[in-house]
Structure formats: C-alpha cells, structure tokens
Amino acid sequence: MSDLMSAQATPNSEKLYARAREVMPGGNTRTTVYRKPHQIYAWRGDGCRITDVDGHIRIDALGNFTSLIHGYGNRQILEAATRQLEAGTCFGMPTESEIRLSEILCERLPSVEQLRYTNSGTEAVMNAIKAARAYTGRPKIAKCEGAYHGTYDPAETSQDASPATWGDIDRPGSVPTAKGTPQGVLDDVVVIPFNNTPVAEAILRASGNSLAAVLVDVMPNRAGLVPAKSEYLAMLRRVTRELGALLILDEVITFRLGYNGAQSRFDIDPDLTTLGKIIGGGFAIGAIGGRAEVMSVFDPSKGQPAVPHGGTFSANPMSMSAGIAALEELTPPAFEKLEVLGDRFDQGIRACFARHGIKGQVTGLGSLRRVHLTDAPLSDYRSTFASADGAARVSALAKALFDEGVIIAGNGLMAFSTAMEDPDIDDIVRAFDRALPEFA
Ligand code: PLP
C-alpha cells in the first residue's frame, strides 16, 4: 500500500455512515456498493477521477458500474443537461429529445426499428419480457445461469446458482435469488448453461411451445465476462425461430462494445434489445427496442395496448438530452480509442502478473475487463464459479486497489472511459503492481 493511501483518514465518511445506518438498512441503497467497515462517500468527479468527502482522489476504473463512458464533467453532456435543466426536467408531455435519441439508436442498432424508454435496465428487461409474453401468448422465459439482468423476478432467477442448484437436461435449474420468490415465477423460467450449446439446445427444445423468449447477454459480467461462442448464439437464434419464441439481447452493458452495439460485433439479429447505462449520459435510463411488429405490443393508438407501459420519469428530457450528447460524442474514433486503452491495460496487467508470479488472467473486450486470480480456462459461469477461492481473492484485491487509488468492482469488473488517456491506464497498472505481490 502506498504511503499516501495507507495514511488515509476518513472521518467525514465515518460520520456520514453513522447517520446513514440510522435511516437506511445497512446504511445505503445499493447492495453492490455496500462496503465494510463503512461506506466511503463520493464528493465529486472530474474526468476519470473521483474525490471523496475526505479529499482522497482515486481513478474511477468502473464508471458507476460501466455507465459513464465519458467519465465526469464531459463538456458536451454538461451543456446539454444544463440547457435542459433550465427548460424543465420533466413534463407530462413528450419532448423532441426522445425522438432524437430514438433516431440515433435506430440508426446504430441494425435490429432496432422502434424504441421505448424506462428509468433503468431492470425495467427495460421487465418490459421486454412482458412484450415477449404478450406477443407470443406464451408464459416461459429462458435465461443463462449466473447472468445478471437486473432484479425483475424472472430475470434474476438462478443468478447465484451453484453445483447443487444448477440445472441439466433432466433437472430444472430455476432457483430464486430473492427469498420469497413465488414458485409460479420459478416454474416459468427455463435456465440454460451459458456457452454449452448442446445442453442449452436440449433444454430449450424441451420447453417446446411454452417458450416466449430467450434472454441473453453476449458477455455476461457476473458469469465471468467471457464472450459467447458464435455457435452458441447461432443456436439460440435458430432454435428460437424454430420454436416460435423471441430472442431478447440484453445490451444494457454491452452496447458500449461498439458503434453498432454488441449485436453487430457478435453478428446476432435479436427480436428485442434492452439498453441502459451509457445511453443516458450519466442520468437514469433504460430502453427496449426491436422490430416494429413486436414493439407494437406497446402501441396505444388502437386502444388499450397489449402491454401498457408508462413510468412517471420514463423518457424524461434530462436523460434524453444527456444521452443524445453522450452518443454524439461516441464516434467511431472514440470507440477506437477505447479499444487502444483496453489493449494497453491488457499488456500492462499481463506483465504485472508475470513479474509477481501471479496466476491471473483478464477477460472482456473493448472497454470492458474483468480481472481473475486463476489461470484455469474460463469459458462460462460454471468455470468462473469453480474458482471460488479466486473470487474471494479478487474481492480482497479490489479493496487493496481502492487503497492504492483505483476503483474496480468487487468481482474484478472494470470499464474504461473516453476521459482516460494512456498515462491513466499506466497509473491503474502501477496500482496493480503495488497491490498484487500479496496475492502471489
Ligand atoms: N442487464 C444487465 C446486463 C446489467 O448489467 C444490468 C445492471 O448492471 C441490468 C440489466 C439492470 O440495469 P439497472 O441497474 O439500470 O437496473
């Protein structure tokens, strides 16, 4: 640990946490950001750095869990949001900004003809599932074990599956994440293994004509941030078409993999796509997009729609305006820059692993990475799960890095931003260099 950070005192954070514990369970709102022995409170962000309430500055290599692709204080987003703030933050009327954001997204995403907005990725996934059920008239949803798609009951099923609970061809693997999930919900979720083409295909075929949709993320973070095999995605597309089910692609995180989204990078043609995170330019957002024929389930112009969808703050012009500015800044050269930053990190971290004799590896693509402290081959959730010891050590590594001045997720997830330059990546690698020796 560097002298600077080991000497860090956090009296202001401690005082805030003492107040927080009185009025919020566990003293905070998001399980993912809970931290022992107490929270560290952010004061402000500049570029790719966050200053906490005690004045400590850290490089933010997570970007609010992958949502801040331009870091903090991006000039264009700031100006767009300020203009909108002055004009009004939300109305019980639509604004032109939602049309413009939709035009940009439809132009970039080959499978998306129409969109609707929500306030989070969770709600986007929920509405995509409802749309698939309404469109097909069927009840069941298939999802990959270990994959996170937000907290809607069916979408979070089998997120923490273990060998005792994961499924196989003759054994359903649908297990609750939240205690109290009704059995009826679990019965309507078909859990398939990620990247295991023959077993997943057999399980899907066994659901036959009760399957409304398969929900898939091409590179699920919590399942290892390992890219889906092309044969696996091709099977999902083929089998859903044969069974008359929809394919829902969850691009809430992976839309940041390219100008035309992960669907172009992975050459996959979904019926529905869910979005969130970066498309709001740092404001709360989610979106469901897809073929006009499927999206017509939301259309109120001919009477009560098949899926009524609202939301007091859905399509609010703050998120729309900031999202437009963020996407306009996300040009092909911006994506090239993010790829270069990712490659630079890979080279640096691999040299670090070698220097300290660490059995480690990095998964991910583009501007997304996940650091693992195992050299066992990782191909899916099950192989990632097998390295439980590695996972506990990655969590300890994330804490050590925090003290060294770099923020990554407790599972090793990292997201680079256009606010970073080569020296920032080098600073991140140097922090790893200082933190890693104790993990040899
Ligand atoms: N889908 C994926 C793949 C996600 O990673 C997340 C959040 O991390 C969600 C959906 C839910 O998005 P939100 O946190 O905006 O509800």
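User: Why is C106 called partly exposed?

Analyst: Its relative accessible area is 21%. Buried means under 20% and exposed over 50%, with partly exposed in between (1.4 Å probe, protein chains only), so 21% puts C106 in the middle class. A word on the basis: this is a predicted model, where local features need pLDDT of at least 70 and side-chain atom pairs count only at pLDDT 80 or more, while totals for chains, interfaces and linings use all residues. Residues are numbered from 1 along each chain as its sequence is written, and side-chain values use heavy atoms, leaving out hydrogens and water.

User: Is C144 buried or exposed, and what makes it so?

Analyst: C144 is buried, because its relative accessibility is 2%.

User: How many disulfides does a search of the whole structure find?

Analyst: The search finds zero. To count, a pair of cysteine sulfur atoms would have to lie within 2.5 Å.

User: What makes α4 and α12 roughly antiparallel?

Analyst: Helix α4 (residues 75-87) and helix α12 (residues 317-329) pack at about 155°. Angles under 35 degrees count as roughly parallel, over 145 as roughly antiparallel, 65 to 115 as roughly perpendicular and the rest as oblique, so this pair is roughly antiparallel. Their axes, which are 8 Å apart, are lines fitted to C-alpha atoms over the stretch in contact, and the angle runs from 0 to 180 degrees between N-to-C directions. The helices themselves are DSSP runs (H or I, at least four residues), numbered from the N terminus.

User: Which residues make the contact between α4 and α12?

Analyst: With contact meaning heavy atoms within 4.5 Å, α4 brings Q76, I77, A80, A81, Q84 and L85, and α12 brings P317, M318, S321, A322, A325, A326 and E329. They divide into nine nonpolar, three polar and one charged. Here Ala, Val, Leu, Ile, Met, Phe, Trp, Tyr, Cys and Pro count as nonpolar, Asp, Glu, Lys and Arg as charged, and the others, Gly among them, as polar.

User: What residues make the contact between α15 and α16?

Analyst: The axes of α15 (residues 388-403) and α16 (residues 422-435) come within 9 Å and cross at roughly 115°. L397, A400 and L401 of α15 meet A431, F432 and A435 of α16. That gives six nonpolar, no polar and no charged residues.

User: Why is D422 called partly exposed?

Analyst: D422, found in helix α16, has a relative accessible area of 31%, which makes it partly exposed. Not counting residues up to four places away in sequence, D422 touches L341 and R344.

Note on methods: Helices (H or I, at least four residues) and strands (E, at least two) are DSSP runs, numbered from the N terminus.
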